[in-house]
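Reader: I have a structure open and would like to go through it chain by chain. Can you take my questions as they come?
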Amino acid sequence: MSVRTRYVATRVALTVPTLLAMSLFVFLLIRLVPGDPVRTMLGFRATPENVRTIRHELGLDRPLVSQYFSWLGGIFRGDLGQDYISHESLTQLLRERIPVTLELTIASMALALLVGVPLGVIASSGRRLGKATASIFTIAGISIPDFWLGTILILVFAAKLGWLPPTGYVPLSEDPLQNLRYMTLPVLTLATGEAAYILRTTRASMQETLERPFVTFLRAKGLRRHAIVYKHALRTASLPIVTVAGIQFGVLLGGAIVVETLFGLPGVGKLVVTAINQRNYTVVQGSVLVIAALFIVVNLVTDLFYGLLNPRLGEERA
Amino acid sequence: MTAATVALRHVRPRTITARLGGRQAAAGIGILTLLVLVALLAPVLAPHSPDAIDADHILAGPSWSHPFGFDALGRDVLSRVLFAYRASLGVSIGAVALALVLGLPIGVIAGYFGGVVDNLLMRPIDLLLALPALLLAISLISITGPGELVALFAIATIYLPILARVVRSSVLAVSRELYVEGARARGVSHARTIWSHVVPNALGPAVVQASVLAGFALQIEAALSFLGLGAQPPTPSLGLMLADGYQVLQQAPWADIFPGLAIAVTVVAFNLVGDGLRAKLDPRGISG
Amino acid sequence: MTVLRLDHVSVLYGRVSAVSDVSLAVDEGEIFALVGESGCGKTTLAMAVMGLLPRSAAVAGTIEFLGRDLTALGEDERAALRGDRISMVFQDPASALDPAFSVGEQIAETIRAHKPVGLREAKTRAIRLLEEVGIPDASRRYRDPPHRFSGGMQQRVVIATALANEPALLIADEPTAALDVTIQAQILGLMRELRRRHRTTSLLIAHDFGVVAQLCDRAGVLYAGQLVEVAPVAALFSESRHPYTAALLGALPSAEHARGALPAAPGQVPDLVSPPPGCRFQPRCPLRRAECDLVPPLAPVGDHLTACWATPETQALGRELAEARA
């Protein structure tokens, strides 16, 4: 088995225990609620009989271990439980909502990379004006809270200019153009902060790479600046960028929670917030697990991609 | 350490600016001190009571006596921002301080002793890192219900792993240095070595990281309050103001702009401080 | 024919005078060594010839390569010469090669950068070069990234890259310093073989006299940025004319030093920000005299060129100048 195959296999294999540990964590989290969740859910309808009935329905009167395994078993069968309040299948609910969140986060990350990386390269080897502008953009982008930027964008583009709608959503499969209209502001909101981060990382990585001895040798070979920066330096510099992008995806998922609430997008983030406010624990449990799983999978993909880019795998632990 | 590094250490920067770690850090520290003073002196500085309702001026715009305008209930936005700022800043600094106080010993022990201890301590820490930050905070809050103090603990929980890792990395680097081995060879006890040699040198990167994290903590606190999961009314919070301001965005944008601006400026200050101090306190670049 | 001629070349890094008024000429086919201890300016000089000094460095004087003044050329023109007509081999091969690309690709890229040659042709040539420098199984190892090679093999790759376009001048900056002694011998053997085959003019930077003795025709000795002596290698070793060279050679461990301490010149290398006036070796020189405050010219002394007022040939002139000043 080659070094690379072994790396891939290890990484994939490691994902399983991580996911399991995550599921345990989420499971325990919900059951740590002080007091009786059922009573809280029922509110004033909490007569002792109702409480007992619901507890039995939800399986909360069974030993903890058996609850966990039956939940886990359900997951493997594709059944994440029920939304307690509406009795909808949670799996169905999530299936509708995950694409929205995915579209939001993936589009934002893509835009951030498309803008951040080239600007970062320019900021590392360009003129003073470019560098100063990049610095300002970076600091501003990182410091401004996402959702505040969102409200400003809504103020300008929706309220004042009326170009784009402030809230609402149309699925991509239904009407791409409308989807674009509704998603533009949310994606811009998330992507701006992210682009600033990517820019900063790219710039730092490029600067560090350009100072390495092999770059001097490239110049000694007579290669032009263009080839040195874009063919060679970027290649080596992209490793930290990939790592950061992977980690940042988690941040984006968090940001998506707020942005979805702000723009009224029917994604998983908004679902979680609503569920928490409703004390709808089964929904919270299922959605948190799904988001966490998503993040773990993205990390896996990032690691694999990193392995692809890094020729020294196995010989060097970055 | 070579003779050269020892010699360099004795070259003391002359100006205050240089002492503080350069222009960036100096500017950041300056702004930050100002902001902290403003926060502490909020009751004194606020021109009006943050809860005083002036029904005649609901959603009125900025004026000389009310530079930030009025909100939906006719309250002075400036005064509210000052008090809310105090609360939010308190939560964010408190959260990071707590994370540092808890994370430091974990990182030191894991990094210094290594091996099984390291693994034992770091595995659960890594698990916490596997969740997106805001999600983790939200999950924790879902257990206990919303609230300001809860938000503080939740944020501290998010940042504890990061700080523990940074401390651990820098302890690992420092432990390899010859002077630590020298101390052990002289028979200095573990505790002494850690206290006198390892911690002072490992603290730098953690402080840099903490400064930057404090800024992000403020943003997360605001986000949590915005979602209704943080401070609950009547406790003031910038996030709550942003949520309220969003409701009246068209009629009274100032109710939304100024709280947001307060957050942005503070985060910039924290970042300046962190980045500026980096050259001095974290030359190895451990704090990423 | 003179391939490289340096005329009163000085290099300033801000306030540091790294190279001071160096003039020398390298003829076609010869291997010229630049020797001196660390920090004497040899690498700076080499980088000045290549045009690879940082922007903050100021270069005075003319650097003539095959009749063209390099200092008068623009960056694009110099880049066109680098890797094609003038090549350089660096000290540490591991840090010279790009870890993200295969060794073959890095050689082929050098060829394609300067010659209008297609991908396949460049690859063929690269493989042939790898064979020539002694990489076994070259066509397969073409694809391997640098870290799959040992230090000695990596240096062979670097040499192959440098020679890919048959340059008129090869500059080698301590090419064996980072390698084990046994590998060193191999690389030196390779270089001897290549020299025999290609007759490439070379400028070899070294601080190890053993290397110089094995490979070079003539040698120039640098001290604190000043060129103090130039001579054919054999003559340099058998009878050095400059006090510094003598001290340097005298300090080499040998059987004669079986007992006692190694002789060393007293004092230290001067501070290059404010060096002593005139000859920079004078504070440590046993033959020091008043006129040493003036820079001694590189005067022919037998078959050497020596910059010292204490040689019989220059003594008279030196004293005259000193009196004229007084």
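Author: One term to begin with: contact means heavy atoms within 4.5 Å. This is a predicted model, where local features need pLDDT of at least 70, side-chain atom pairs count only at pLDDT 80 or more, and totals for chains, interfaces and linings use all residues. Residues are numbered from 1 along each chain as its sequence is written, chains are lettered from A and ligands numbered from 1 in the order in which they are written, and side-chain values use heavy atoms, with hydrogens and water left out.

Reader: How many residues of chain C are in contact with chain A?
Author: On the chain C side there are 31 residues, and they meet 18 residues of chain A.

Reader: And what area is buried there?
Author: About 2,100 Å², with carbon and sulfur atoms giving 57% of it. Buried area is the accessible area (1.4 Å probe) that two parts lose on being put together, summed over both. Phe101(C), Glu109(C) and His147(C) supply 26% of the area that chain C buries against chain A, more than any other three residues.

Reader: How many salt bridges are there between chain C and chain A?
Author: Four. A salt bridge is a side-chain nitrogen of Lys or Arg within 4 Å of a carboxyl oxygen of Asp or Glu. Asp76(C) and Arg224(A) form one, at 3.9 Å from N to O.

Reader: Which element gives the most to the side of chain C that touches chain A?
Author: Several elements give two or more residues to that side, including helix H2 (75-81), strand E6 (86-89) and helix H4 (103-114) of chain C. H4(C) gives the most, with seven residues. Helices (H or I, at least four residues) and strands (E, at least two) are DSSP runs, numbered from the N terminus.

Reader: Now chain B. Where is chain B relative to chain C?
Author: Chain B and chain C do not touch, and their nearest C-alpha atoms are 15 Å apart. Two pairs of chains are in contact, and chains A and B share the most contacts.

Reader: How many residues does each side put into the contact of chain A and chain B?
Author: Chain A puts in 41 residues and chain B 39 residues. The two chains bury about 3,400 Å² between them, 78% of it on carbon and sulfur atoms.

Reader: Which residues form the salt bridge there?
Author: The count between chain A and chain B is one. Arg200(A) pairs with Asp275(B), and the closest N and O atoms are 3.6 Å apart. On the side of chain A that touches chain B, H7(A) has the largest share, eight residues.

Reader: Back to chain C. What is its secondary structure?
Author: Chain C has twelve helices and twelve strands. Its C-alpha atoms fill a box of roughly 70 × 50 × 35 Å along the principal axes. Among contacts in chain C between residues at least 6 apart in sequence, 63% join residues at least 24 apart.

Reader: One residue, then. Is Thr44(C) buried or exposed?
Author: Thr44(C) counts as buried because its relative accessibility is 13%. Buried means under 20% relative accessible area, exposed over 50%, and partly exposed in between (1.4 Å probe, protein chains only). Of the 326 residues in chain C, 53% are buried.

Reader: What is Thr44(C) in contact with?
Author: Thr44(C) lies in helix H1 (residues 42-50) of chain C. Leaving aside neighbours within four places in sequence, Thr44(C) is in contact with Val11(C), Tyr13(C), Ala18(C), Val19(C) and Leu53(C).
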